[in-house]
Amino acid sequence: MSVLSIGDTGPEQWRDANVTPLRDAAYASLFAQSRDSLLVVSDGAAARTVQLRAPLGCRALVEVTTESGLAARADGRVIQVSYGLVSGATEAELAVIVAHELAHQILEHRRRLDLAGVRKGFFGQFGGNLAANRMAEEEADRLSVHLLANAGFDPDIAPRFWRTGMGVSLGSGLFRNRAYRSPDDRAAFLDREIDRYLGNGAGPTYPGHLLIRRDGPIIY
């Protein structure tokens, strides 16, 4: 199945190899559409028009990569989860992982960190870079329990998960990523968020105390 047009744009508007891959440009066009936009698709034999009726919400592309290890990441537009993680996690565990990465997207951490000149990787483990990266991870953890509750999950699955072997591995690797709290501290941090804002253990919840940070700088 191929996509011939999205709304009133086609490949000739998407294609600019000097800027971005065609796939990413097509997704950007898709994200910009309204709820009732039209797509023209083809199965190779005939073209047909379909109407988008998806509810508007958190726009993010979710991909399962071919990696066999445990990995999950978000870059501001795309959430990637490794095959090794998807194949080994339960539904509840996968919900916690995706909620954390989706929280990064919602809070626009990649944009805010880039704007502040914060580095990732090795140099992200020191000084102001570490403080900023840790703040972003803590914000994502806190928002994740609200997303879980609003999706019908018990938010307590988050602190339980980060105490498990899989949860510890995601936050460590060969050397523990210092942007994350220790597993016990991370879980206790989430316990406090749940006790304060989700005492009944269920949604709906509006985490305005976290969403207000989205339009401001990373403060640490």
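**Entry 1: the antiparallel sheet.** I began with strand β1 (residues 2-6), which is joined by 4 bridges to strand β2 (residues 38-42), the two running antiparallel. My element names follow DSSP runs, numbered from the N terminus: helices are H or I with at least four residues, strands are E with at least two. I call two strands paired if DSSP finds at least two bridges between them. S5 has V40 as its bridge partner in β2. From β2, 5 bridges lead on to strand β3 (residues 47-51), again antiparallel. There, L39 stands opposite V50. The hairpin of β2 and β3 has 4 residues between the strands, and G44 takes a positive phi near 100° in it.

For angles I use lines fitted to C-alpha atoms (for helices, over the stretch in contact), taken between N-to-C directions from 0 to 180 degrees.

**Entry 2: ground rules.** Before going further, I note that this is a predicted model, in which local features need pLDDT of at least 70 and side-chain atom pairs count only at pLDDT 80 or more, while totals for chains, interfaces and linings use all residues. Residues are numbered from 1 along each chain as its sequence is written, and side-chain values use heavy atoms, with hydrogens and water left out.

**Entry 3: the mixed sheet.** I found another open sheet of 3 strands, ordered β4-β6-β5, with mixed pairing. β4 (61-65) and β5 (72-74) are its edge strands, each with a single partner, so one side of each is left without a neighbour in the sheet. Neighbouring strands here are turned by 15° against each other on average, direction ignored. β4 runs parallel to strand β6 (residues 78-82), and 5 bridges join them. I checked T65 and found S82 as its bridge partner in β6. Helix α4 (residues 91-106) lies across β5 and β6, at about 20° to β5.

**Entry 4: the cores.** Which residues touch the most other members of the largest nonpolar core? Of its 20 residues, these are V96, L148 and F161. A core here is a set of buried Ala, Val, Leu, Ile, Met, Phe, Trp, Tyr and Cys residues joined through side-chain atoms within 4.5 Å. Buried means under 20% relative accessible area, exposed over 50%, and partly exposed in between, with a 1.4 Å probe and protein chains only. The elements giving two or more residues to this core are β6, α4, α6 (127-150), α7 (157-162), α8 (165-170) and α9. Leaving out residues up to four places away in sequence, V96 touches L148, I157, A158, F161 and W162 (contact: heavy atoms within 4.5 Å). I also noted a second, separate core of 7 residues, including L107, A140, L143 and L211.

Entry 5: I counted 1 aromatic pair. F161 and W162 have ring centres 4.8 Å apart and planes at 70°, so the pair is edge-to-face. My rule pairs rings of Phe, Tyr and Trp (its six-membered ring) with centres within 6.5 Å; planes under 30 degrees apart are stacked, over 60 edge-to-face, the rest tilted. Both F161 and W162 are buried. R186 lies over the face of W162, 3.7 Å from the ring centre, and R181 lies over the face of F189 at 4.1 Å. For this I ask that NZ of Lys or CZ of Arg be within 6 Å of the ring centre and within 35 degrees of the ring normal.

Entry 6: Most residues other than glycine have a negative phi, and most peptide bonds are trans. E108, in the loop between α4 and α5 (109-115), has a positive phi near 55°. At 30% relative accessibility, E108 counts as partly exposed. The peptide bond from G203 to P204 is cis, with omega near 5°, and P204 sits in the loop between α9 (183-197) and α10 (208-211).
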